[in-house]
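Thanks for coming, everyone. I'll take you through one chain, a few spots at a time. Have a look at it first.

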Amino acid sequence: MASSVFRVLPLWLAVGAAAVIGPLMSLSFTLTGSSYHDDQRALELLCLLVGTAGAVFCLVQGKLMRARFSQLALGLLCLFFTLGLLSSVQAYSARHALYEWSSFCLLLLLAWRIADEVAQRPDDALDGILLLCGLGCVLYVFKAQLTYVWILQEGVQPNPAEFITGFNNYRFFNHAQTISLPLLGLLVLRSGQKEAASVRQTMGWWVLLAFWWMLLFVSVGRGTFMGVLAGIAMVLFWRGQQALPWCRVMLWSALAGLAAYAVLYVAVPLLMGLQPFGFLGGVVERSLANPTSSRWDLWRRAGEMVMAHPWLGAGPLHFAHDGRSVGNGAHPHNWVMQIASEWGVPALLCISAVILMGFRRLLIAGRTIASDDQKNQAALTVWLATGIAILVDGLISGLLVMPSSQLWLVLYIGCAWGWVGAFSNAGQTAHFRCTKATGIGLSLVLLGMLFFLGQGLGPEMFDLADYDLQQHERYPGIPLGPRIWGAGYF
């Protein structure tokens, strides 16, 4: 029974469904009775449990996954997580640190298992993932436009954040857009390349992508803008003509999205005697008045943590504790500073080297693609551009922290990794075997990580509404920023 379940239900379906369902839930129907962020964390926990259970099932049978690391990358990742474990043990709160450490380990495991699935049947898996992404975005756009119509009927000037629902902070939506925007561009391209696809279907995806850009203009996610534009610029530099089809789709749809914003969120409100909706009108003034969006104090505190703990950091998750007096977030809004301050500088160097090796591996895989293979040329372009977008956006945002964007990250890494594996012999072979003793030993390690995960999430997870109240009483006057749960400081 268990064997058939793990074979029939692909893991990418569970992770993708959790990523798109979370923002669609309303406050009247939540998993936790607390907040959007906590609901999304609960969905992420469910994905980690399902993914780990499947991995344990394979290991007990003596099977390892097909998708493989290079020896150097595997060694660097082992060193990264070893340093994180040592950092967690010596941290102020080992319970919280070990939660973050185990969470990162199990998220990588999820990506590894999705890569395994993609490597076996890359075209079918990518089509399924992109379709799921597209359908989820369709539902979210529909929900957002219902909110828009309701606000118009009210006839009062709204707070622009009201148009972005399903997140504790509309910026968390932008984190997901950094990854979903490039993927929607790939969906448009792949739809147009299929002989069976109708013109109406392809145009429907075009319209969806334009509306997805429109919501970015409404919320003005500057990190997402910078990331996606940097991705477009870099793939044009790296790949030239091969990148043009996807870049044209992205730029034309962005212009269409801007036009839709101008009509629906500027012209219509003005005709009704209201001010334009959205944040776009004040973005220049806001950027000049506060170029770092109040992140400088966060970065300065992270720098102080690095100076105080250069080798092992203050402990995973511990900016939520050490940075609480800044009162502007439970993380430094910068993935480099986050790893350096919490895990230590050596760990940052390890993970940075693995990231560079990943980009190098993508570029090498591109040499094996025929110049007229439009489908795989487009896929490679998107994997490179999305990776750049993530790294750039992550320098000024909490993309690495939030549960929704973490699931999108897992999907991206799994897709890119599995796609590369499909171009090598490793992606086509059967499961690698391991001894029963090795399989049981690795299973026990994974179960230990689940224990740390549960210990870090509880006991708060059993009464999140009360925990939220207690946190506000403990830190009166301090705006609590999400990290594990919505009440982020510990």
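Start with a term: contact, or touching, means heavy atoms within 4.5 Å. Now the ground rules. This is a predicted model, so to speak of a local feature we need pLDDT of at least 70, side-chain atom pairs count only at pLDDT 80 or more, and totals for chains, interfaces and linings use all residues. Residues are numbered from 1 along each chain as its sequence is written, and side-chain values use heavy atoms, with hydrogens and water left out.

One more term before we go in. Helices (H or I, at least four residues) and strands (E, at least two) are DSSP runs, numbered from the N terminus.

First stop, Ile-478. Ile-478 sits in the segment after α19. What does Ile-478 touch, not counting residues up to four places away in sequence? Arg-324, Gly-327 and Tyr-489. Ile-478 is partly exposed, at 24% relative accessible area. On that scale, buried is under 20%, exposed is over 50%, and partly exposed is in between, using a 1.4 Å probe and protein chains only. Asp-463 is 15 residues from Ile-478 along the chain, and their C-alpha atoms are 21 Å apart.

Next, Phe-452, in helix α18. Phe-452 is also at 24% relative accessibility, partly exposed. Leaving out residues up to four places away in sequence, Phe-452 touches Leu-98, Tyr-99, Trp-101 and Ser-102. Take Trp-101. Trp-101 and Phe-452 are 351 residues apart along the chain, yet their C-alpha atoms are separated by 8.6 Å.

Now helix pairs. In general, two packed helices are described by the angle between their axes and the distance between the axes. Axes here are lines fitted to C-alpha atoms, for helices over the stretch in contact, and angles run from 0 to 180 degrees between N-to-C directions.

Pair one is α4, residues 71–89, with α15, residues 345–366. Their axes come within 9 Å and cross at roughly 150°. So α4 and α15 are roughly antiparallel. The cut-offs: under 35 degrees is roughly parallel, over 145 roughly antiparallel, 65 to 115 roughly perpendicular, and the rest oblique. The crossing of α4 and α15 is left-handed. Left-handed means the near helix is turned anticlockwise from the far one by less than a right angle; clockwise is right-handed. On the α4 side, the residues in contact include Leu-76, Phe-80 and Leu-83. On the α15 side, they include Cys-350, Ile-351 and Met-357. By class, this contact has 14 nonpolar, no polar and no charged residues. For the classes, Ala, Val, Leu, Ile, Met, Phe, Trp, Tyr, Cys and Pro count as nonpolar, Asp, Glu, Lys and Arg as charged, and the others, Gly among them, as polar.

Pair two is α5, residues 94–120, with α17, residues 403–421. How do they cross? At roughly 40°, with the axes coming within 7 Å. That makes α5 oblique to α17. The crossing is right-handed. Among the α5 residues that meet α17 are Phe-104, Trp-112 and Val-118. The α17 residues include Gln-406, Gly-414, Trp-417 and Trp-419. The residues of this contact divide into 16 nonpolar, four polar and no charged.

On to the backbone. In general, most residues other than glycine have a negative phi, and most peptide bonds are trans.

Val-220 has a phi near 50°, positive, and is not a glycine. Val-220 lies in the loop between α8 and α9. Is Val-220 buried or exposed? Buried, at 1% relative accessibility. Gly-221 lies in that loop too, and Gly-221 is buried at 3%. Gly-221 touches Arg-171, Asn-174 and Leu-216, again not counting residues up to four places away.

Leu-317 has a positive phi of about 80°. Leu-317 is in the loop between α12 and α13, and is buried at 1%.

Third, the peptide bond from Gly-458 to Pro-459 is cis, with omega near 0°. Pro-459 is in the loop between α18 and α19.

Last, cysteines. How many disulfides are there? Zero, across the whole structure. A disulfide here is a pair of cysteine sulfur atoms within 2.5 Å. For Cys-78, the nearest cysteine sulfur is that of Cys-105, 9.7 Å away. Cys-78 is partly exposed, at 44%. For Cys-247, the nearest is that of Cys-133, 18 Å away. Cys-247 is buried, at 3%.
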